[in-house]
Amino acid sequence: MFGKKKQVSSIDKDQLELIENAQKRIRQKKRLYIHFVIFLIGAVFLILANTILGIGKDFTIAGINWFVYAIMAWLFLFIYHFVTVFITHKFMGKDWEKQQLDKLVNQQQQRIDKLKEGFLKEERKMAQSQAYSKTQTLEAEKKNSRELTIIVAAGEDNAIGKDNDLIWHLSNDLKRFKALTSGHHIIMGRKTFESFPKPLPNRTHIVITRQKDYKAPDGVIVVSNLEDAIDAARKDNQPFIIGGGEIYKQSMALADKLKITRVHSTFEGADTFFPEIDATKWKEVSRTTHDADEDHKYAFSFITYERR
Ligand SMILES: NC(=O)c1ccc[n+]([C@@H]2O[C@H](COP(=O)([O-])OP(=O)(O)OC[C@H]3O[C@@H](n4cnc5c(N)ncnc54)[C@H](OP(=O)(O)O)[C@@H]3O)[C@@H](O)[C@H]2O)c1
């Protein structure tokens, strides 16, 4: 179990092949060098054989001694040998050539793969940034899409007020009103504004009046018509129309949503009313009902309508 670890050769197949090829090449160069030396000695020998020993002295071709042809032929062979060693590398054989070609093709393939990978990465990045900008646009669109919401508490007979005041006191309804409208713009008629003892906290008041010199506390926006009121709340994604009767009537055609607290009773003597809800234009999307109890004299339902 704890015996000596078997020695693993650190030279891999490719390295071994390179070494073998280098050795082969050295041998080939050596042979070429020997060939050169033998050629030189051979050439000198041929010259001497002819000139000193007189071998084939009388044998000439076109007036030139035979040994010149012999040396030329040999030189040609030597040059061929030289070319195969240094230029065409044929001396390494067909297998070697194929191997080199395969290696080259492999290298090119690797480069192509790398390039492809780069392209894919780039494409992925582009797709991601496109998706991101699409999300940004959607979010921006969402931000821009305002939901003008009417909020009201109305009896079964649509009564909403009497003597410029509410007719009932339902604490859960007031809590809901506060929760929904806090942090938003609240648009109202001058009479409704004046029915408050003071501006409601944490909301931006927009008061509509025809009076040119109407004085309102600091922070309260005074406008002369409903369109200007809606425009003043353009940065709010959910401005609320909070009444009273006159303003509700004018804004029904402009609102996107109705948040109604339907008080399940009728109220004789009421002097202000909410307009009829046209079922062909509005669809009920949610409703929760509360029974009357010791804190709530009347049963009531929170109903949400959306424009069809
Ligand atoms: N139950 C509820 O949820 C609820 C909610 C809000 C109010 N209310 C009740 O509703 C009653 C008040 O409603 P209301 O109908 O009498 O009055 P209102 O709608 O609150 O205010 C009417 C006033 O708004 C101004 N106005 C209206 N239309 C205008 C226009 N197109 N251009 C310029 N100014 C315009 C006028 O002010 P000037 O006269 O100054 O020109 C007009 O007198 C109160 O009883 C209140 O308690 C009930």
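Helices (H or I, at least four residues) and strands (E, at least two) are DSSP runs, numbered from the N terminus. The structure is a predicted model, in which local features need pLDDT of at least 70, side-chain atom pairs count only at pLDDT 80 or more, and totals for chains, interfaces and linings use all residues. Residues are numbered from 1 along each chain as its sequence is written.

Eight strands form an open sheet with mixed pairing, in the order S7-S6-S5-S8-S3-S9-S12-S11; two strands pair if DSSP finds at least two bridges between them. Strand S7 (221-223) and strand S11 (282-290) are the edge strands, each pairing on one side only. From one strand to the next, the twist averages 25°. Strand S6 (residues 204-208) pairs with S7 in the parallel sense over three bridges, and Val-207 has Val-222 in S7 as its bridge partner.

Helix H4 (residues 171-181) lies across strand S3 (149-155), strand S5 (185-189), strand S8 (240-243), S9, S11 and strand S12 (300-307), and runs at about 175° to S3. Axes are lines fitted to C-alpha atoms, for helices over the stretch in contact, and angles run from 0 to 180 degrees between N-to-C directions.

Arg-262 is located in strand S9 (residues 257-263). Arg-262 counts as buried because it has 21 C-beta neighbours inside 10 Å (buried: 20 or more other C-beta atoms within 10 Å, with C-beta atoms placed from the backbone). Apart from neighbours within four places in sequence, Arg-262 is in contact (C-beta atoms, placed from the backbone, within 7 Å) with Ala-154, Phe-300, Ser-301 and Ile-303. Thr-289 is 27 residues from Arg-262 along the chain, and their C-alpha atoms are separated by 9.1 Å.

Technical notes:
Buried ≥ 20, exposed ≤ 12 C-beta atoms within 10 Å, placed from the backbone. Contact = placed C-beta atoms within 7 Å.
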